[in-house]
Amino acid sequence: MNMPAPGFYAPAADRYAHMPYVRCGRSGLKLPRVSLGLWNNFGSVTPQDTARDMLLTAFDAGITYFDLANNYGPRPGAAEETLGKIMDSDLRPHRDELILATKAGYTMQDGPYGDGGSRKYLMSSLDASLRRMKVDYVDIFYHHRFDPDTPLEETMRTLADIVHQGKALYVGISNYSAEQTAQAADLLATFGVPLTIHQPRYNMLDRWIERGTPSLCDVLLNRGIGAAVFSPLNQGLLTDRYLHGIPADSRAASSCVFLNKDNVTADVLTRVRALNAMASARSETMAQLALAWVLENPAITTVITGASRPAQILQNVETVRKHVPLTDEEKAEIEKILG
Ligand SMILES: NC(=O)c1ccc[n+]([C@@H]2O[C@H](COP(=O)([O-])OP(=O)(O)OC[C@H]3O[C@@H](n4cnc5c(N)ncnc54)[C@H](OP(=O)(O)O)[C@@H]3O)[C@@H](O)[C@H]2O)c1
């Protein structure tokens, strides 16, 4: 039984009542089926109160895994600073209940030591992340993307050393191919550390992890590596957000360089309208159907969702509270719609 700490946030007493937690691959780490990412809407342009509201809403709803990276902002580093402020104001007494993840691998600073997969970059970046997040360790540290200019052996030895130093409890990789993942897992094993988790992009409109022999899904399942999927809603395209035009407060209308108005194509809208009709027939929202579909893949541990407001988080968590498994007919219909 956790008693509220005076001066800090008093979270919902029933926060663990409705969220399913599943083992991440073969590890003992249990992750919530729905997680929250801080890539967008937690940087310096978002009011701290909005960010705090979203994070605490998520925690109250049973989300324990919060996904960050050194470069999340805008202003790289700003999302980690936001998290650090919320640790100080609200969540420090609950550190042992949080799975905090960060990453390094994309460009963080000018010069030869702020990008890639070198020992020099990863070690200094994680130290800076810990300072910004105001924590002594992260639960998961990821290498953010494969770096062809650094021997994989160097990157994996560094991840293993980070675990041995106690700066991360578990390590993972993101955006690695099936073959690169198998090599990374083999190397880490020689350094005495398991590859616990992979973070690929996966959603109804981007199914690369299912393709190839072996596919990334095959590698993850065969080796007991968990998967935390990013952009499960394809940044909002797989929701009702764009069914009646492009709202001014949406990601596609914002200055985000990864989703813009050109991505909201007639073809995507035709598919999403058909899927949305199916979701309505199941008394679900489009977002809930899209998340449920991802979670039906046995290789997937958790969906890392993004949000611009607390109501989206509550709706997304509701997916696993009330989800009725898709029937074979519904799965076939989805395949037909997706083409
Ligand atoms: N490893 C990597 O390379 C990598 C890359 C990208 C992301 N990530 C991680 O994955 C996380 C999630 O990525 P993402 O933000 O692209 O995820 P996403 O869940 O696919 O998209 C989130 C966006 O969808 C909309 N949305 C969410 N729930 C909704 C709902 N119920 N109804 C209507 N619209 C809804 C919101 O758009 P509006 O803002 O328009 O409201 C929200 O900002 C990131 O925060 C990050 O942690 C990792």
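Asn297 sits in the loop that runs between α8 (286–295) and β10. Keep in mind that this is a predicted model.

**Asn297**
- Is Asn297 buried, exposed or partly exposed? It has 16 C-beta neighbours inside 10 Å, so Asn297 counts as partly exposed; being buried would take 20 or more, and being exposed 12 or fewer.
- Asn297 and Ala248 are 49 residues apart along the chain, and 34 Å separates their C-alpha atoms.

**Helix α5**
- Helix α5 covers residues 178–190, and its 13 residues should span 18 Å at 1.5 Å a residue. The C-alpha atoms at its ends are 19 Å apart, which agrees.
- Which residues of α5 are buried? They are Ala178, Thr181, Ala182, Ala184, Ala185, Leu187 and Leu188.
- After α5 comes Gly192, with a positive phi near 80°.

**Around the ligand**
- The ligand has 30 residues around it, and the closest are Gly37, Trp39, Phe230, Gly236 and Gly306.
- Sorted by class, this shell holds 18 polar, eight nonpolar and four charged residues.
- β10 (302–305) and α9 (310–322) each put at least two residues into the shell.
- Which element gives the largest share of the shell? That's α9, with three residues.

Technical notes. Residues numbered from 1 in each chain as written. Predicted model: local features only at pLDDT ≥ 70, side-chain atom pairs only at ≥ 80, totals over all residues. Helix = DSSP H or I, 4+ residues; strand = E, 2+ residues; numbered from the N terminus. Expected span 1.5 Å × (residues − 1). Near = placed C-beta within 6 Å. Nonpolar A, V, L, I, M, F, W, Y, C, P; charged D, E, K, R; others polar.
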